[in-house]
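Please keep the structure open as you read.

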Amino acid sequence: MEILVVVGSLLWVALLLVPWRPWSTRECLEPVNEPAERNLCDVTVLIPARNESAVIKRTLSALGNQSSGLQVILVDDQSSDETASLAVSTLAAGPLVLKGKPLPSGWTGKLWALEQGRRNTRTELILLLDADIELDPGMIGALKQKLISEKLDLVSIMARLRMETFWEKLLAPAFIYFFKLLYPFSLGNNPSSALGVAAGGCILVRSDALRKTGAFASIRNAIIDDCALAASVKKSGGRTWTGLSLSVRSHRPYPHLSDFWEMVERTAFTQLRYSIWLLLATTFVMALVFSFPWLGLFSSSFAVRCCDVAGF
């Protein structure tokens, strides 16, 4: 038992020392006081939506506070609620609402919706935005400036999850932290690394970079589609960047533990290739890192207690 405590404590030290620093918030992007770009006529916002009447109005209202010239396409993925009518009535200019076609074999629903929307875009830049993501004024301009000034092909932001209920406050920060452990932003942002990292809720990408990779058809059956897209862009020679922001927020509620369970099951278990053995191994490592060091505080060995304190 003491050996496991020491190993767990040393893993904490190693986690602090790894050069890609998954615990860091240094990869961050916020809009400046004045919008970085006053004219966004070269940007099309592409929103896939299926039964999103509870959140779509807030998302589109925030887009109305961005700079002028912005084009919006909403792909109504065969919703049975008022998603489409709410979208039309919310923006003064009115988004282009596309009625989604039936899902072809081999495609995931979100990627098929995005592909249908992409075929109707004519701008140089496309912002892939989830239906529950709210952007502060000037955020799209900041994304565009980041992409152009650093000669990137894809820029994405990990949205700040809603934290209002008990489970949201307890688990939302942990979800972001573990995502960064699985997909270190620093490695994903490194052009020499093959690791693809992106956060699908908010991705600004060059249209020609999408075409070069075969667009969404090349990743049509991907579950973790955001990281698959980033990997595809990097594989074709493009450069990507992913960061955090307080100005990109998800207002989708996760009031119950089961809501988080479904989200983790959809992402983390997919990353483990649906392998029970990998799941058990990962669970053991997590217990080793997050549980055993606490036991070391009660060890009779002074050396173990010292190692344990160093780990904390």
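## Two positive phi angles

Ala 215 sits in the loop that joins α8 (207–213) to α9 (225–235); helices here are DSSP runs of H or I with at least four residues, strands are runs of E with at least two, and both are numbered from the N terminus. Although Ala 215 is not a glycine, its phi is positive, at about 55 degrees. Is Ala 215 buried or exposed? Its relative accessibility is 3%, so Ala 215 counts as buried (buried means under 20% relative accessible area, exposed over 50%, and partly exposed in between, with a 1.4 Å probe and protein chains only).

Lys 151 also is not a glycine and has a positive phi of about 55 degrees. Its place is the loop between α5 (139–149) and β6 (154–160). Lys 151 is exposed, because its relative accessible area is 67%.

## How the model is treated

This is a predicted model, in which local features need pLDDT of at least 70 and side-chain atom pairs count only at pLDDT 80 or more, while totals for chains, interfaces and linings use all residues. Residues are numbered from 1 along each chain as its sequence is written, and side-chain values use heavy atoms, with hydrogens and water left out.

## Asp 225 in α9

Asp 225 belongs to helix α9. With a relative accessible area of 13%, Asp 225 is buried. Setting aside neighbours within four places in sequence, Asp 225 is in contact with Lys 110, Leu 111 and Ile 219 (contact means heavy atoms within 4.5 Å).

## Ala 49 in β1

Strand β1 (residues 43–49) holds Ala 49, which is buried, with a relative accessible area of 1%. Which residues does Ala 49 touch, not counting those up to four places away in sequence? They are Leu 74, Val 75, Asp 76, Asp 77, Ser 79, Thr 83 and Ala 131. For Thr 83, 34 residues apart from Ala 49 along the chain, the separation between the two C-alpha atoms is 7.5 Å.

## The kinked helix α6

Helix α6 (residues 166–182) has 17 residues and reaches 25 Å from its first C-alpha to its last, close to the expected 24 Å (the expected span is 1.5 Å times one less than the number of residues). At Ala 172, shortly before the proline Pro 173, α6 has a kink of about 25 degrees; the bend at a residue is the angle between axes fitted to the seven residues ending there and the seven starting there.

The buried residues in α6 are Glu 168, Ala 172, Phe 175, Ile 176, Phe 179 and Lys 180. An α-helix has 3.6 residues a turn, so residues three or four places apart point the same way.
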